[in-house]
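Take a look at the fold below. Which parts can be trusted, and how do its pieces pack together?

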Amino acid sequence: MSTKWDTRFLGLAAHISSWSKDPSSQVGAVITDGNRIISLGYNGFAAGVHDTAERLTDRACKLNLTIHAEENAMIFAKRDLTGCTVYVTHPPCPRCASKLVQEEVKRIVFISPSEDFLSRWADDLTISYEMYEEAGIEHKAYDLDEINIDNAKVTVAPGGFFKQVLSRLLAGVTRS
């Protein structure tokens with residue numbers, strides 16, 4: 001897959017992340033088979049479970065009720081994901097990484113985590129990366145300055161947790 005397509009799908013994942021009601025962590029995921037979109041997902045509570053402000057601001061409660069973006073995308077795919085690529089705005093946690101490995105995806109692409117993110121989650125990410133290596137799954141992290149936006153043609157409404165990511169992806173891109 002080219003950097004151009006990676007950029008497009010990371011931009012879409014960033015847009016999808018803005019649909020999350022989580023006030024602190026908005027995550028988006030896109031699953032593709034080649035250049036064809038198979039499924040989308042964002043982090044949030046299960047359908048029918050009330051996402052009240054009280055629950056969303058209670059960290060322990062929120063963590064127990066939240067379905068991660070990757071999980072939602074896998075659930076909604078309703079198909080075999082062998083050989084697919086997953087684009088996600090954060091590197092997947094071990095909980096999601098193990099499910100992606102089990103689904104036999106071939107590639108996981110994400111935006112490089114910030115130093116703040118790594119200060120909290122580096123040990124977990126090491127576990128995820130080890131699983132990918134053992135299972136032979138390619139994983140690619142893009143630093144923001146590596147993302148080629150020249151041909152991405154990404155048009156989204158900036159907002160939420162990923163303002164910096166969206167700003168980088170949208171730099172020089174005309175809005176419609």
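What follows is a walk from the whole chain down to single residues.

Start with the source of the picture. This is a predicted model. Its average pLDDT is 86, and 82% of the residues score at least 70. Helix 5 has the highest, at 98, while helix 7, residues 163-170, has the lowest, at a mean of 57. Two stretches fall below 50. One is residues 151-161, which has 34 contacts in the model beyond near neighbours in sequence. The other is residues 172-176, with eleven such contacts. Be careful there. Where pLDDT is low, the predicted coordinates should not be read in detail.

Now the overall layout. The protein has seven helices and seven strands. Read along the sequence, they follow the pattern α-β-β-β-α-α-β-α-β-α-β-α-β-α. Of the 176 residues, 42% are buried. Contacts also reach across the sequence. Take the contacts between residues at least 6 apart: 60% of them join residues at least 24 apart.

Next, zoom in on helix 4. How many of its nine residues are buried? Seven are, so helix 4 is mostly covered. The buried ones are A69, E70, E71, N72, A73, M74 and A77. What covers them? The cover includes strand 1 (28-33), strand 2 (36-42), strand 3 (44-45) and strand 4 (66-67). Strand 5 and helix 5 are also part of the cover.

Two packed helices are described by the angle between their axes and the distance between the axes. Here, the axes of helix 4 and helix 5 come within 9 Å. They cross at roughly 30 degrees. Angles under 35 degrees count as roughly parallel. Helix 4 and helix 5 are therefore roughly parallel to each other. Their crossing is left-handed.

Which residues meet where helix 4 touches helix 5? From helix 4 come E70, E71 and M74. From helix 5 come R95, C96, K99 and L100. By class, this contact has three nonpolar, no polar and four charged residues.

Look at the spacing of the residues involved. An α-helix has 3.6 residues a turn, so residues three or four places apart point the same way. With that in mind, find the meeting residues on each helix in the structure above.

Pick out one of them, K99. It lies in helix 5, which spans residues 94-102. K99 and E70 are 29 residues apart in sequence, yet their C-alpha atoms are 8.8 Å apart in space.

Helix 4 is followed by K78. K78 sits in the loop between helix 4 (69-77) and strand 5 (85-88). Its phi is near 50 degrees, a positive value in a residue other than glycine. K78 is exposed, with a relative accessible area of 68%. E104 is found in the loop between helix 5 and strand 6 (107-111). The phi of E104 is positive too, at about 65 degrees, although E104 is not a glycine.

Technical notes. Residues are numbered from 1 along each chain as its sequence is written. This is a predicted model: local features need pLDDT of at least 70, side-chain atom pairs count only at pLDDT 80 or more; totals for chains, interfaces and linings use all residues. Side-chain values use heavy atoms; hydrogens and water are left out. Helices (H or I, at least four residues) and strands (E, at least two) are DSSP runs, numbered from the N terminus. Buried means under 20% relative accessible area, exposed over 50%, partly exposed in between (1.4 Å probe, protein chains only). Axes are lines fitted to C-alpha atoms, for helices over the stretch in contact, and angles run from 0 to 180 degrees between N-to-C directions. Angles under 35 degrees count as roughly parallel, over 145 as roughly antiparallel, 65 to 115 as roughly perpendicular and the rest as oblique. A crossing is left-handed if the near helix is turned anticlockwise from the far one by less than a right angle, and right-handed if clockwise. Contact means heavy atoms within 4.5 Å. Ala, Val, Leu, Ile, Met, Phe, Trp, Tyr, Cys and Pro count as nonpolar, Asp, Glu, Lys and Arg as charged, and the others, Gly among them, as polar. pLDDT is the predictor's confidence in each residue, from 0 to 100.
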